[in-house]
Amino acid sequence: MRLELSILYRGALSSCNYDCPYCSFAKHWESPEELRADREGLERFCVWVASRTDDQIAVFFTPWGETLVRSWYREAIVELSLLPQVTKVAVQTNLSCNLEWLCHAKREKLGLWCTYHPGRTTLAAFVGQCQRLQQFGVRHSVGCVGLREHLPDIEALRQMLPSETYMWINACKSKPNYYDRQLLETLEGIDPLFPINNTRHESRGHSCRTGHKVVTVDSRGDMRRCHFVDIVIGNIYEPAFEKVLTPTTCPNATCGCHIGYAHLDHLQLDHVFGDRILERIPNPTALQARHLRNGPNAMALDVGTSH
């Protein structure tokens with residue numbers, strides 16, 4: 001039976017060429033031995049994907065750090081994009097690397113989730129990279145962490161991007177009542193889906209596509225249902241691993257990250273994002289219809305949540 005599966009791959013890499021103070025990731029710089037182990041794990045994964053000729057597999061790289069400054073991740077994305085059984089290769093990135101390597105990939109299969117980090121690069125440089133993605137015909141979304149001090153940069157970035165480029169804002173949920181009403185309205189005006197991200201969604205007992213249609217895989221091949229449930233359910237390198245992929249409900253009380261809650265069935269975000277849910281690009285028609293029907297402040301209620 002053909003397997004249709006989205007894999008969120010997170011290897012051992014945890015270093016980054018940026019050192020954003022608000023980021024809890026990328027605070028480690030690997031030794032040559034650690035980098036070699038990360039590369040070997042990724043190469044083994046690519047060999048495994050290449051062997052799954054009867055399946056349909058989407059791969060989303062969700063690193064602890066920045067992958068695209070490492071040659072083996074760029075090579076892996078190109079290699080995977082050329083495989084007929086791979087439907088999509090997506091990656092989270094700060095977009096700081098040279099982009100010419102994209103010319104060697106099957107670009108219609110690529111999707112980039114690009115984060116702008118104020119103070120680590122200039123707006124002009126970042127937007128220039130986004131323009132290169134447009135020239136290459138690579139689908140991408142663009143976003144920023146929604147800190148108060150970032151607001152001028154967020155507004156400037158929105159003005160500099162083409163209107164058709166979706167710009168998301170990751171809410172600061174670690175501090176209660178972080179946003180006042182005026183700031184909420186400003187951010188919702190930029191990202192109509194911000195109310196959804198600015199919520200920890202009730203998830204325990206709710207059906208979720210993770211563990212069934214979506215799994216996370218680490219450099220050892222160990223599978224977990226998602227990044228937020230640290231229970232190994234199997235290993236992709238074991239025979240008949242797919243037998244563990246069954247519909248199950250979420251064991252966590254809440255879910256507050258797009259790469260998790262996007263797969264909760266009751267939120268119906270698959271109707272908003274369609275086949276671009278991994279790279280976080282909503283369907284323009286669905287996004288506009290939802291916005292017009294409810295208004296940005298009511299959109300959260302439309303998916304069963306509130307601020």
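## A tour from His 258 to the cores

Select His 258 and Ile 277: a polar atom of the His 258 side chain sits 3.2 Å from the backbone oxygen of Ile 277. Keep in mind that this model is predicted.

Stay on His 258. It belongs to helix α7, residues 258-261. Is His 258 buried or exposed? Its relative accessibility is 3%, so His 258 counts as buried. Now show its contacts. Beyond residues up to four places away in sequence, His 258 touches Trp 113, Asn 197, Phe 273, Ile 277 and Arg 280.

Next, select helix α5, residues 181-190. Colour Leu 183, Leu 184, Leu 187, Glu 188 and Ile 190, which are buried. Look down the axis of α5: these buried residues fall within an arc of 155°, so they line one face of the helix. An α-helix has 3.6 residues a turn, so residues three or four places apart point the same way. Turn to the face away from the buried side of α5. There you find the exposed residues Gln 182 and Gly 189. What do the buried residues of α5 pack against? Show α4 (151-160), β6 (167-170) and α6 (194-197) to see their packing partners.

Move on to the largest nonpolar core, which has 67 residues. Select Leu 42, Phe 45, Phe 61, Leu 80, Leu 157 and Tyr 179, the residues that touch the most other members. A separate core has 23 residues, including Ala 90, Trp 168, Tyr 261 and Leu 278.

Finish on Leu 157. Setting aside neighbours within four places in sequence, Leu 157 contacts Tyr 116, Leu 123, Phe 126, Val 127, Val 142 and Met 167.

Methods
Residues are numbered from 1 along each chain as its sequence is written. This is a predicted model: local features need pLDDT of at least 70, side-chain atom pairs count only at pLDDT 80 or more; totals for chains, interfaces and linings use all residues. Side-chain values use heavy atoms; hydrogens and water are left out. Helices (H or I, at least four residues) and strands (E, at least two) are DSSP runs, numbered from the N terminus. Buried means under 20% relative accessible area, exposed over 50%, partly exposed in between (1.4 Å probe, protein chains only). A polar contact is a pair of N or O atoms within 3.5 Å; within protein, one must be able to donate a hydrogen and the other to accept it, and residues adjacent in sequence count only if both atoms are side-chain atoms. Contact means heavy atoms within 4.5 Å. The arc is that of the directions from the helix axis to the C-beta atoms. A nonpolar core is a set of buried Ala, Val, Leu, Ile, Met, Phe, Trp, Tyr and Cys residues joined through side-chain atoms within 4.5 Å.
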